[in-house]
Amino acid sequence: MSEEKKVRYVNEIKISFAKKIWNRFWYFLGYFGPGNSFRIFANRARGVKIGKGVFIDAMVHIDTVVPNLITIEDGVKLSIGVKIFAHNSVFQDVNPKDPIAVSPISIQKRAQLAPNAIVLEGVTIGKNSIIGTSAVVNKNIPAGYIAVGIPAKPIKKYKEARDIFLKEASKNIK
């Protein structure tokens with residue numbers, strides 16, 4: 001998996017007033033909605049591309065400015081408090097003449113993001129990967145890895161970690 005991000009820089013992101021209202025309405029319902037199906041429906045209404053069998057827990061923040069740049073593939077699980085940002089305007093917030101970074105995000109099949117994980121613009125999280133609690137993902141994570149930390153770094157292959165877990169569990173199962 002390439003480490004290179006496809007970042008586009010713009011001076012402003014123009015969104016009509018009606019689109020802002022539409023987006024905020026569905027964002028609110030997608031953030032606090034009463035159940036997974038409702039949260040998925042609300043986020044799709046905002047333009048987020050969401051596959052089948054996805055779980056989006058309550059209070060998951062999915063970019064409010066460019067939600068259409070986010071793809072969540074089949075079987076992904078987003079735990080409570082996850083935040084996904086497809087744009088970065090931090091420099092423009094300080095200096096209005098600075099550009100905004102805008103880049104798509106892809107969370108591939110059966111990836112899992114633990115509570116409060118943060119995904120930044122331009123990142124791909126590979127198939128069957130697990131992102132640890134409160135990790136900050138600012139680079140691509142290869143398929144089949146567990147990544148933790150700030151910034152998130154792959155620490156172990158999922159299969160190896162699962163084998164250790166199952167071996168330990170089999171000794172202690174009652």
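Which residues is Ile107 in contact with, leaving aside its neighbours within four places in sequence? Select Ile107 and you'll find Thr71, Ile72, Glu73, Val76, Leu78, Ile84, Leu113 and Ile125, where contact means heavy atoms within 4.5 Å.

Before moving on, a quick note: this is a predicted model, so local features need pLDDT of at least 70 and side-chain atom pairs count only at pLDDT 80 or more, while totals for chains, interfaces and linings use all residues. Residues are numbered from 1 along each chain as its sequence is written, and side-chain values use heavy atoms, with hydrogens and water left out.

Next, select Leu78 in strand 6 (strands are DSSP runs of E, at least two residues, and helices are runs of H or I, at least four, numbered from the N terminus). Leu78 is buried because its relative accessibility is 0% (buried means under 20% relative accessible area, exposed over 50%, partly exposed in between, with a 1.4 Å probe and protein chains only).

**Helix 2**

Now select residues 36–45, which form helix 2, and pick out its buried residues: Arg39, Ile40, Ala42 and Asn43. They line one face of the helix, because they fall within an arc of 165° seen down its axis (the arc is that of the directions from the helix axis to the C-beta atoms). What do these buried residues pack against? Show helix 1 (17–32), strand 2 (49–50), strand 3 (55–56) and strand 4 (61–62). Turn to the other side of helix 2 for Ser37 and Phe41, both exposed. Just after the helix, Gly47 has a positive phi of about 110°.

Jump to the loop between strand 10 and strand 11 (112–113) for Arg110. Though not a glycine, Arg110 has a positive phi of about 60°. Asn128 sits in the loop between strand 13 (124–125) and strand 14 (130–131), and its phi is also positive, near 60°.

Last stop: Pro151, in the loop between strand 16 (145–148) and strand 17 (153–157). Look at the peptide bond from Ile150 to Pro151: it is cis, with omega near -5°.
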